[in-house]
Amino acid sequence: MDKHLRSEMIRQAMDAKETSYSPYSKFRVGASVLTSDGTIYSGCNVENASYGLAICAERNAIFQAAFAGKRKIVAVAVSSDERGFLTPCGACRQVISEFADDKTEIILVNTAGKSKSVSFQSIFPTPPALNKLKK
Ligand code: THU
């Protein structure tokens, strides 16, 4: 991916983390999504007093893109306050798979802003058949 787009995605994912609403877990997450037209959408995790209703940063960002009418995800960046690299949860991987293709990239960003990329395929190798029917 273009170097400047990649650093812009990282910047937006880290910025989004700042608006995380996570009073219960105190675990801040920010995400950004690059769609096929070159637009970046971002989101943070938003928790609730009814704990199970928390929405992850990744899904928040993806739903912003979907609401804007975008249907193709080129890359997703995820940032946390961890020194290691947080990877998307299973539910988010399923949601990413709805709009991903075999080139979709996942950019993992640690608290220091250090990043590494993994292919979406490598972390979600066998999407359910239902997803395949839609493509
Ligand atoms: N969370 C995310 O936003 N993304 C992830 O990839 C992992 C978990 C959120 C959900 C919850 O608000 C908090 O982090 C603790 O699990």
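## Ligand site and open sheet in a predicted model

An oxygen atom of the ligand lies 2.9 Å from a polar backbone atom of Ala57. This is one of the polar contacts listed below (pairs of N or O atoms within 3.5 Å). The model is predicted: local features need pLDDT of at least 70, side-chain atom pairs count only at pLDDT 80 or more, and totals for chains, interfaces and linings use all residues. Residues are numbered from 1 along each chain as its sequence is written, and side-chain values use heavy atoms, without hydrogens and water.

| Residue | Protein atom | Distance to a ligand oxygen atom |
|---|---|---|
| Glu47 | side-chain N or O | 2.5 Å |
| Ala57 | polar backbone atom | 2.9 Å |
| Glu58 | side-chain N or O | 2.6 Å |

Of the 370 Å² of accessible area that the ligand has on its own, the protein covers 79%; areas come from the Shrake-Rupley method with a 1.4 Å probe. The residues around the ligand (a heavy atom within 4 Å) include Ser25, Phe27, Val29, Asn45, Leu86 and Thr87. This shell divides into 7 nonpolar, 3 polar and 2 charged residues, with Cys and Pro counted as nonpolar and Glu as charged.

The fold contains an open sheet of 5 strands in the order β2-β1-β3-β4-β5, with mixed pairing. Strands are DSSP E runs of at least two residues and helices H or I runs of at least four; two strands pair if DSSP finds at least two bridges between them. β2 (40-44) and β5 (115-119) are the edge strands, each with a single partner, so one side of each has no neighbour in the sheet. On average, neighbouring strands are turned by 20° against each other, direction ignored.

Helix α2 (residues 57-67) packs on the sheet and touches β1 (29-35), β2 and β3 (73-80), where contact means heavy atoms within 4.5 Å. The direction of α2 makes about 35° with that of β1; axes are lines fitted to C-alpha atoms, for helices over the stretch in contact, and angles run from 0 to 180 degrees between N-to-C directions.

β4 (residues 105-109) runs antiparallel to β5, joined by 5 bridges. Ile106 has Val118 as its bridge partner, and Ile107 has Ser117. In this hairpin, with 5 residues between the strands, Gly113 takes a positive phi near 90°.

Methods
Polar contact = N/O pair within 3.5 Å; in protein donor to acceptor, adjacent residues only side chain to side chain.
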